[in-house]
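The entries follow the order in which I looked things up.

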Amino acid sequence: MNLRDIKKDIEYVVGAFIEDCSLFASLHSDSASESVENLLGKAVNLYNDLRDKVNSKTEKKNAAYYKAIRKELLEKTDALYEELSGLVKAAGEVKPA
């Protein structure tokens, strides 16, 4: 595992989540727009935090360091998807008038 791969992983995983949020927002523009904005903000913050960790000059970088970053990426993105899933379920329960 190297620096380039972990940067690509961060970009791909967080980017995919942002695309999913955008798709949900476009399909359900009337409901949960504030919640989607909140999720998008969390995703952007996660992206920035992980990129800062990867680009840090003070940390000793080895395979274990990158493995920990990848684990954090997957765990936090999974939590974001759980929140998005809750929004999707809530939007599906709303009956159109």
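I took helices as DSSP runs of H or I with at least four residues, and strands as runs of E with at least two, numbered from the N terminus. The model is predicted: local features need pLDDT of at least 70, side-chain atom pairs count only at pLDDT 80 or more, and totals for chains, interfaces and linings use all residues. Residues are numbered from 1 along each chain as its sequence is written, and side-chain values use heavy atoms, with hydrogens and water left out.

**Entry 1: Ala91.** I located Ala91 in helix H3. Is Ala91 buried or exposed? I use buried for under 20% relative accessible area, exposed for over 50% and partly exposed for anything in between, with a 1.4 Å probe and protein chains only. Ala91 has 13% relative accessibility and therefore counts as buried.

**Entry 2: helix lengths.** The expected span is 1.5 Å times one less than the number of residues. For the 31 residues of H3 this gives 45 Å, and the end C-alpha atoms are 45 Å apart, so the two values agree. H2 has 23 residues and reaches 33 Å from first to last C-alpha, close to the expected 33 Å.

**Entry 3: H2 with H3.** Two packed helices are described by the angle between their axes and the distance between the axes. I fitted axes as lines to C-alpha atoms, for helices over the stretch in contact, with angles from 0 to 180 degrees between N-to-C directions. H2 (residues 33-55) and H3 (residues 63-93) pack at about 180 degrees, with axes 11 Å apart. Angles under 35 degrees count as roughly parallel, over 145 as roughly antiparallel, 65 to 115 as roughly perpendicular and the rest as oblique. H2 and H3 are therefore roughly antiparallel. Contact means heavy atoms within 4.5 Å; among the residues making it are Leu39, Leu46 and Leu50 of H2 and Ile69, Leu73 and Leu80 of H3. The contact of H2 with H3 holds 12 nonpolar, two polar and five charged residues. Here Ala, Val, Leu, Ile, Met, Phe, Trp, Tyr, Cys and Pro count as nonpolar, Asp, Glu, Lys and Arg as charged, and the others, Gly among them, as polar.

**Entry 4: H1 with H3.** The axes of H1 and H3 come within 11 Å and cross at roughly 5 degrees. That makes H1 roughly parallel to H3. The contact of H1 with H3 divides into 18 nonpolar, one polar and four charged residues.

**Entry 5: H1 with H2.** H1 and H2 pack at about 175 degrees, with axes 10 Å apart. They are therefore roughly antiparallel. By class, I found 18 nonpolar, one polar and three charged residues in the contact of H1 with H2.

**Entry 6: the core.** I define a nonpolar core as a set of buried Ala, Val, Leu, Ile, Met, Phe, Trp, Tyr and Cys residues joined through side-chain atoms within 4.5 Å. The largest such core has 21 residues, and Ile10, Phe17, Leu39, Ile69 and Leu84 have the most contacts inside it. H1 (3-27), H2 and H3 each supply at least two of its residues, and the largest share, eight residues, comes from H3. Leaving out residues up to four places away in sequence, Ile69 touches Ile6, Ile10, Leu50, Lys53 and Val54.
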